[in-house]
Amino acid sequence: MASEIQMPEPVCLIENKKGKGLVVQPEALQLLSEITQPMVVVAIAGPYRSGKSYLLNRLAGQRRGFSLGSSVQAHTKGIWMWCVPHPCKPGHTLVLLDTEGLGDTEKGDTENDTWIFVLAVLLSSTLIYNSKGTIDQQAMDNLHYVLKLSECVQVKTASEEAGEEQAGEEQAGHEQPGLDRRALFFSTFVWAVRDFTLQLEVDGKEISEDEYLENALKLKDGSSQEAQSYNRLRECIRQLFPERKCFVFDQPARKKDLPRLEELPDDMLDPEFQQQVERFCSYIGQNCPPKTIPGGREITGSRLGTLAENYVEAIRSGAVPCLESAVLALAQIENSAALKEAVDLYKRQMEQGLPTETTQELLELHARCEEEAMQLFMERAFEESRDRFRAELTVQLEALKEYFCIRNEWVSYKKCMAILQKLFQDLDRRINARFYFMSGGYLRFQRDQKALVEQYRKLPGKGVKAEAALRDFLQEREYMGKKVLKDDLEITLAVILSCLSIGVGIAVRIIK
């Protein structure tokens with residue numbers, strides 16, 4: 001599935017079960033585990049019934065997929081996922097996350113909305129906030145979930161934060177002013193303003209969509225309560241999302257046609273809206289980065305699933321999701337896998353090099369295989385807890401070296417025995433055929449056996465047990481030589497006796 005993603009329709013990644021809270025779906029985790037490509041994760045959040053699902057379907061290159069709905073009720077529940085081949089980045093997977101609409105009056109659960117928004121931010125590399133109308137104070141107020149990010153997400157655990165507080169004060173002069181460390185974990189922010197009716201201009205001068213957003217995020221001067229209240233959310237957005245982009249969209253079609261928007265042919269859509277959607281999809285496809293964690297590690301399917309499980313588990317337990325704890329948990333899994341891969345590589349390489357002719361050659365083989373295994377581990381392992389796993393790898397490889405010293409002898413012995421058995425097959429057939437059953441047969445037998453031994457000793461690649469195997473092999477066959485010698489002696493004696501008998505008979509006849 002790494003090369004060809006087979007997900008014809010979206011699946012539920014995190015279900016929002018009534019009375020049970022948020023639950024990660026095992027089926028989605030299984031699908032993710034089969035995707036080994038780097039992932040560009042694009043999540044969309046915003047008020048319910050604002051057209052979020054339509055934009056995601058277009059990003060997937062489809063008309064249908066995520067459910068649009070056509071009533072005033074929120075349609076998407078929880079977080080749904082659609083993995084498709086990335087249209088602009090070969091070898092990458094585009095993961096689209098459609099989130100439950102915020103502010104649904106039927107839910108009456110603002111905490112639920114907060115956690116949906118938090119998860120959308122934490123799991124994505126690009127967050128699209130989708131709203132209708134304009135970016136006015138009401139739109140800003142509806143984005144109050146950003147303020148909750150500071151309360152609901154922490155970089156380190158409380159004990160770690162306390163332990164570093166003093167050191168942080170000492171180093172504060174070296175940090176970038178106003179930098180929030182959460183920004184290292186958060187996504188690029190794209191504000192999509194739907195059904196936009198204003199002219200993009202200020203004081204009669206035309207401005208871009210990005211300038212429109214930045215104007216809306218400008219801070220008020222002064223320290224009054226009003227200014228602080230006005231600036232608080234804007235400061236939070238600016239600090240947590242240093243990379244920002246804005247797109248505005250006209251109304252896509254006539255009001256009566258909107259309920260069946262996904263069915264409308266292009267000629268029934270507003271041409272300006274179509275161009276806006278094309279520009280939006282082009283930007284997302286070409287500019288949105290793969291999902292990474294601090295240190296630059298790209299997220300694959302299994303890693304995304306692990307992050308989702310860790311974040312949801314923290315929420316369900318009543319704790320605040322800790323970014324570094326989630327990364328550390330992911331690092332534990334990845335480093336364990338890297339350790340296993342390195343050990344497996346070492347075993348394969350050592351096995352292929354056995355047997356060696358000398359113990360010194362075995363130690364040299366071990367050194368080469370150890371270096372390759374360590375290199376693989378360092379390339380694969382996460383920086384977090386890497387030193388501990390590297391030390392464990394060293395211990396395991398040292399133990400395996402002792403094992404392969406013993407195995408080297410066993411492989412050599414077994415190989416030599418197989419060689420000897422094959423070399424001596426013709427000799428055994430001659431013995432069974434009583435080829436040496438003659439006077440002088442034992443000398444012939446010894447000559448043939450000596451020739452085979454010399455041939456055996458000339459063969460390369462027998463290993464450290466070549467002579468030991470030969471000694472044992474010949475000892476096991478001593479009875480055959482004794483039998484040939486016995487037959488030889490008996491035949492020779494019989495010949496002598498026969499000759500003596502003939503000679504005596506001749507002598508008697510002469511005497512007579």
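Tutor: Of the 512 residues in the protein, 44% are buried, meaning under 20% relative accessible area with a 1.4 Å probe, protein chains only. This is a predicted model, where local features need pLDDT of at least 70, side-chain atom pairs count only at pLDDT 80 or more, and totals for chains, interfaces and linings use all residues. Residues are numbered from 1 along each chain as its sequence is written, and side-chain values use heavy atoms, without hydrogens and water.

Student: OK. How many helices and strands does the protein have?

Tutor: There are 17 helices and 12 strands, taken as DSSP runs numbered from the N terminus (helices H or I, at least four residues; strands E, at least two).

Student: And how many cavities turn up in the whole structure?

Tutor: The search finds 2 of 30 Å³ or more. A cavity here is a set of points on a 1 Å grid over the protein atoms alone where a 1.4 Å probe fits but cannot get out; lining residues have an atom within 4 Å of a point. Volume is the space filled by probe spheres set on the points, which are joined across faces, edges and corners.

Student: What's the volume of the largest cavity, and which residues line it?

Tutor: About 90 Å³. Its lining includes Ile 431, Arg 434, Phe 437 and Asp 487. Helix 17 (residues 478–511) gives the most, with 4 residues.

Student: What about the second largest cavity?

Tutor: That one has a volume of about 50 Å³. Among its lining residues are Leu 122, Phe 185, Lys 291 and Tyr 311. Strand 11 (292–293) and helix 10 (301–316) are the elements that give two or more residues to this lining.

Technical notes
1 Å grid on protein atoms, 1.4 Å probe; cavity = no way out; pocket = protein on both sides within 12 Å on 5 of 7 lines; lining within 4 Å. Buried < 20%, exposed > 50% of the residue type's maximum accessible area, 1.4 Å probe, protein only.
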